[in-house]
Amino acid sequence: MRIVLGTDVLIAAMRSRKGASRAWLQAALRQEVELLLSVPLVLQYEAVLFRAEHLAALNVSTSQVELVLDALCRVGKPTEISYLWRPTLRDPGDEMVLELAVQGRADALIIFNERDFAGAERFGIPVLRPGPAWQAWKGDGS
């Protein structure tokens, strides 16, 4: 299964050891799923995770965040995005996430802010919240 994880899902995964967001992060790190990555998305992950409020909430250092990002970059599938169909979404910052999902032929874009991705359905990419996506993928709710 090919997935794109939204930055909000990555933050949730790092804030809690339980839950579907953490399960998706672990599945990506174990290479049970194929995580699609682009340079802009990794830079967005880094910029958001390095914010003081997130570092404080996560109770981690920037070097610990870098270890997680490095691990994701090692297992992720690099995917170039081409910026061919902008604008599609309300938030221009979300465009590159959708483009990564489309360009990488993702089976799911896993994100909390589904409403911000209204219009993504025209590309055939399911936009799913972490919990329902995990349950659908695992089939047993675990």
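**Helix pair**

I looked at helix 3 and helix 5 first, and they are roughly antiparallel to each other, because their angle falls in the class over 145 degrees. (The other classes are under 35 for roughly parallel, 65 to 115 for roughly perpendicular, and oblique for the rest.) This is a predicted model, in which local features need pLDDT of at least 70, side-chain atom pairs count only at pLDDT 80 or more, and totals for chains, interfaces and linings use all residues. Residues are numbered from 1 along each chain as its sequence is written, and side-chain values use heavy atoms, without hydrogens and water.

I took helices as DSSP runs of H or I with at least four residues, and strands as runs of E with at least two, both numbered from the N terminus. Helix 3 spans residues 39-49 and helix 5 spans residues 62-75. Their axes come within 11 Å and cross at roughly 165°. Each axis is a line fitted to C-alpha atoms over the stretch in contact, and angles run from 0 to 180 degrees between N-to-C directions. The crossing is right-handed, meaning that the near helix is turned clockwise from the far one by less than a right angle.

I then listed the residues that meet. Helix 3 brings Val42, Tyr45, Glu46 and Leu49. Helix 5 brings Val65, Leu69, Leu72 and Cys73. Contact here is heavy atoms within 4.5 Å.

**Gln44**

I checked Gln44, also in helix 3. Gln44 counts as partly exposed because its relative accessibility is 24%, between buried (under 20%) and exposed (over 50%), with a 1.4 Å probe and protein chains only. Beyond residues up to four places away in sequence, Gln44 touches Thr7, Gly93, Met96 and Val97. Leu67 lies 23 residues from Gln44 in sequence and 16 Å away, C-alpha to C-alpha.

I traced an open sheet of 5 parallel strands, in the order 3-2-1-4-5. Strand 3 (77-78) and strand 5 (127-128) are at the edges with a single partner each, so one side of each has no neighbour in the sheet. Pairing requires at least two DSSP bridges. Strand 1 (residues 2-5) joins strand 2 (residues 34-37) over 2 bridges, and Ile3 has Leu35 as its bridge partner. Strand 1 joins strand 4 (residues 108-110) over 3 bridges, with Val4 opposite Leu109.

**Core**

Which residues touch the most other members of the largest nonpolar core? Val4, Leu109 and Phe117 do, among 47 residues. Such a core is a set of buried Ala, Val, Leu, Ile, Met, Phe, Trp, Tyr and Cys residues joined through side-chain atoms within 4.5 Å. Leaving aside neighbours within four places in sequence, Phe117 contacts Leu89, Asp94, Val97, Leu98, Leu109, Ile111 and Val127.
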